[in-house]
Amino acid sequence: MTTPPSQVVLSVEDVTIDTRPAGRKPIVRNISFDVREGETLCIVGESGSGKSVTSMAVMGLLPKDALQVTGGRILLDGEDVLQATPARIRELRAQKVAMVFQEPMTALNPVKTAGAQIDEVLRLHTNLSAAERRQKVLHMLERVHLPDVERIYKSYPHQLSGGQRQRIVIAMALILRPRLLLADEPTTALDVTTQKQILRLIKELQEEEKTAVVFVTHDFGVVSEIADRIVVMNRGDLVETGTCAEILSNPRQDYTRMLVASVPSLIPRCVPVPANPKVLEVVALEKRYGKKGLYRDRSVLAAQNISFTVRKGEITGIIGESGSGKSTVARCVMRLTDPSGGAIVLNGHDIVPLRNLRPMRQHVQYIFQDPYRSLNPRRTIGQSLMEGLLNYGLRETEAARKAAATLELVNLPAEVMNRYPHQFSGGQRQRIAIARAVVMEPDLLIADEAVSALDVTVQAQVLQLFEEIRARTGISILFITHDLRVAAQICNTIVVMQDGRIVEQGAARDVLAAPVQAYTRSLIDAAPAPDWDFQNFRPVSRAL
Amino acid sequence: MLGFVVKRVLSAVPVLFMVAIIVFMVLRLSPGDPAVMIGGPNATPDQLAALRESMGLNKPLLEQLFIWLGAIAQGDFGVSLVSGKPVAALVMDRFGPTLALSLSTVVLAVAVAIPLGVIAAWQQGKWLDRLVMTGSVLGFSVPVFIIGYVLILIFARTLGWFPVQGYKPLSAGFHDFAIRLVLPSVTLSFPYIALIARIVRTNVIEVMNEDYIRTARAKGMTEGGVLMHHALGNAAVPIVTIIGVSIAMLIGGVVVTESVFNIPGLGRLVLEAVLARDYTVIQTVILLFSTIYVFINLGVDLLYGLLDPRIRY
């Protein structure tokens, strides 16, 4: 996979990045690595490892009042960017080094058209005429495989999909053919199939231009698809570097081994549950957003003809890409939104006609994706946990006792009751969010992308926690995810959704190991590195 | 876009209608009988009855409302109870000075406040920012009449650069017209400069933390370019909102300034009408102000659509 030796484009030598004012522990310590022409280097690490900060430092984009490079050199084609004047750095940007960011939804200016934003790069760095620039931008839009480039040129970001926006950002980054492309988690916010396309696009453009690529990611699946060489970082230190094959099949450091092994396997682990009583039965559910107009039908059918069941103690996964309607179904089951048709039978009662939702709400609890925003920052953990219990008439002492017991169930000490959410890490917060749901002793838990925002090692722990809670309480879980690897770890049964319909459903081992439908097959194929068995550091074929 | 404009303009019509009804009701519900007001304290009951008959005051309220709305629609606002002159002419006479003062104040305030706010945002936490923010607290807290008299003392009495008081219409020549507007506009603009500069600063600082600002920097743009081309455009919606509010507040607040600088504008007219209980004049001025507010709001709404492509109602 390695390219023949060629010119070094980026050389990071012994770089240390400290907070400003300095004094505390530096956030990046003595990092060194090289990237050559046409080579892809992946910097891998969990959140807080310093991987993004390192790439920002190369770009000269560290927040000036918070972070500073305190030691080392960053050589771009032999020129030390740390010594360059601000004017020289602006010259280097886009011409020699360009960047693609994580969030295509926010990386583009919402009040300017896509074309104008790419055009701006040319206006800043070239003397081309307006017509020449336009020609060049349209050509670049074609090169990133956007359809109908004339229309895209005039479109505002909100009129484009996530994948299209990321193509715009890539077009913007590569239009001046820079020597080095820094990509900071560029596919993390995208669906698997879109991710695969974007990875392929970066690879394709890189091969045409011999660009050096630094690809920052936490996802070893993505790494195994594109990396030539890998740098593993942990809490500001460089742990290990090596070729892709070396790191994936024979990691030397314990931390690297742990990180690689945390990538969930695509091989389904759970067998179907026995014929327990049905906790939830969804029958021909339909949800239409917006109204049918008199002349035009502006409504969107977000879910149609959805039928599935969740039995006691069962974890049912709904998997699909964004816009597939999986969250709509979850919200209907919780009656956060009203279904347009069909029945939702909870413990034998249809909840669709219900007017008073309070008694029902106690039996269904929801866990949201973002643990940073789902807890009220002004309430202590104890208050958040007890609120629901008090609402349903429990006395305060009893509620406190229950809250403490539930915290222990999610492996947090009862002392944390008096603390506030900002005092916890993302993983801890998600445990608290789970405790907040479980404390109500619901029959059904809805986990909507509940582990998607977490690092792989934390993700593995939280998945383990779901298993434990299920084993101890016999709870049923409706598990919404876009991640097939996560679904394979935890789900007994799986429902695959696309465009508001169910494509395929059945036992996890059948759906994931032997899918019947082409769409399910394509989802599995698009998952990064389907053929690598990360837990055992070897290809899947040998594991079977 | 055209559909958006038409929708917004049409939605202003019922609002104006409601405003007219409310103005009509407020005056009918307020204490005091217009007939007594006109007839004077010495009028006999017969004279009062005749007055009521001739003014249509004994007709049903709803009929009165329709007669009045019909008259307004034809541009007939009645006659002043005090001077007997047509109200429309009275108000139009005074409208020019107020319009001139308000417009020059808004233009001045916006022209000064936006650069100040952007500079403060750019230099956030440094001495220039502190200076602007301290100045804005002052501009906000010192009453207009004090600023006015201080400015008159310095620039009119001591330095003699500007006339102390008075107003000349544009027809009297641009120089005479403009030179008399300078001190009143500067006086009046102080609190608005303070207010708008603050809003600009806050919103630009907020926008500067957005991801697309980082993208713009990554393109190799200068900090000034980032501020002007990316930050200001995205901060524009709240800024335009506050400018709209400022214009509305301004028109209502010219009374004091017009008194200080002896400008024969609407503010003075209202003051005189209120003191003399000249209901028809008050009614018409309230209606005029309300209509202006409705159109300012309409203009702000239309600007939103222009500034942010995501906004369509």
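## About the model

The model is predicted: local features need pLDDT of at least 70, side-chain atom pairs count only at pLDDT 80 or more, and totals for chains, interfaces and linings use all residues. Residues are numbered from 1 along each chain as its sequence is written, while chains are lettered from A and ligands numbered from 1 in the order in which they are written.

## The sheet in chain A

Let's start with an open sheet of six strands in chain A, ordered β16-β17-β18-β13-β19-β20 with mixed pairing. Strands here are DSSP runs of E, at least two residues, and helices are runs of H or I, at least four, numbered from the N terminus; two strands pair if DSSP finds at least two bridges between them. β16 (364-367) and β20 (501-507) of chain A each have a single partner strand, so one side of each lacks a neighbour in the sheet.

Within the sheet, β13 (315-319) and β19 (493-498) of chain A run parallel and share four bridges. Ile319(A) has Val496(A) as its bridge partner in β19(A).

## Helices on the sheet

Helix α11 (326-333) of chain A lies across β13, β16, β17, β18 and β19 of chain A, at about 150 degrees to β18(A). Angles run from 0 to 180 degrees between N-to-C directions, with axes fitted to C-alpha atoms, for helices over the stretch in contact.

## Where the chains meet

Between the chains, 18 residues of chain B are in contact with 22 residues of chain A (C-beta atoms, placed from the backbone, within 7 Å). On the chain B side, α9(B) gives the most, with six residues.

How values were computed. Contact = placed C-beta atoms within 7 Å.
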